[in-house]
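Have a look at the model first, then read on.

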Amino acid sequence: FEKERIADMFRIPFAMPAGKESEVDEESGKCVPISDRRMPKWYHDEVEALRKDEGGPAPSPTSVPEHFELYRGLQQEWWCYDVYSRIGILFWFSHWLTSASLYSM
């Protein structure tokens, strides 16, 4: 969050659009919009991180950032807690629905 713009952090989706996609013009040094697409700053940071080796081969469509792979590994460790929480929510909703129907009588 320390690199995120404050406007992106508190942006209300669909009400406050993100900034337009832009590049830094090498002659003037200013940001020039390159399309009408609106992308948040973290998207641009991800693109730069994937393409930081411009002299090397272009990233393949299947290449993903390292932190995606780390999170995937954590998800494999968390699956039992995920199942437990889903079952708990199922029972909670079932009991809540039953109590709401009994209360409405």
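## Ground rules

Helices here are DSSP runs of H or I with at least four residues, strands are runs of E with at least two, and both are numbered from the N terminus. The model is predicted, so to speak with care: local features need pLDDT of at least 70, side-chain atom pairs count only at pLDDT 80 or more, and totals for chains, interfaces and linings use all residues. Residues are numbered from 1 along each chain as its sequence is written, and side-chain values use heavy atoms, with hydrogens and water left out.

## A nonpolar patch

Helix 3 covers residues 66-104, and W92 sits in it. W92 is also part of a nonpolar surface patch with I89, F93, W96 and L97, which together have about 580 Å² of accessible area. That area comes from the Shrake-Rupley method with a 1.4 Å probe, and for residues only the protein chains shown count as cover.

What makes a patch? Its residues have over 30% relative accessible area and no salt bridge; like charges are joined within 9 Å, and nonpolar side chains (Val, Leu, Ile, Met, Phe, Trp, Tyr) within 5 Å.

## Rings on the surface

Rings of Phe, Tyr and Trp (its six-membered ring) pair if their centres lie within 6.5 Å; planes under 30 degrees apart are stacked, over 60 edge-to-face, and the rest tilted. The whole structure has 4 aromatic pairs. One of them is W92 with F93, a tilted pair at 6.3 Å centre to centre and 45° between the planes. W92 and W96 make a stacked pair, because their planes are at 20°, with the centres 6.4 Å apart.

About one turn of helix 3, or 4 residues, lies between W92 and W96. W92, F93 and W96 form one aromatic cluster. How open is it to the outside? W92 is exposed at 53% relative accessible area, while F93 at 43% and W96 at 44% are partly exposed (buried is under 20%, exposed over 50%, partly exposed in between, with a 1.4 Å probe and protein chains only).

## Salt bridges along the helix

Take a salt bridge as a side-chain nitrogen of Lys or Arg within 4 Å of a carboxyl oxygen of Asp or Glu. The count is 2. E69 pairs with R72, with the closest N and O atoms 3.0 Å apart; these two are 3 residues apart in helix 3, so about one helical turn separates them.

The other is D82 with R86, at 3.1 Å from N to O. D82 and R86 are 4 residues apart in helix 3, again about one helical turn. D82 is partly exposed at 35%, whereas R86 is exposed at 57%.
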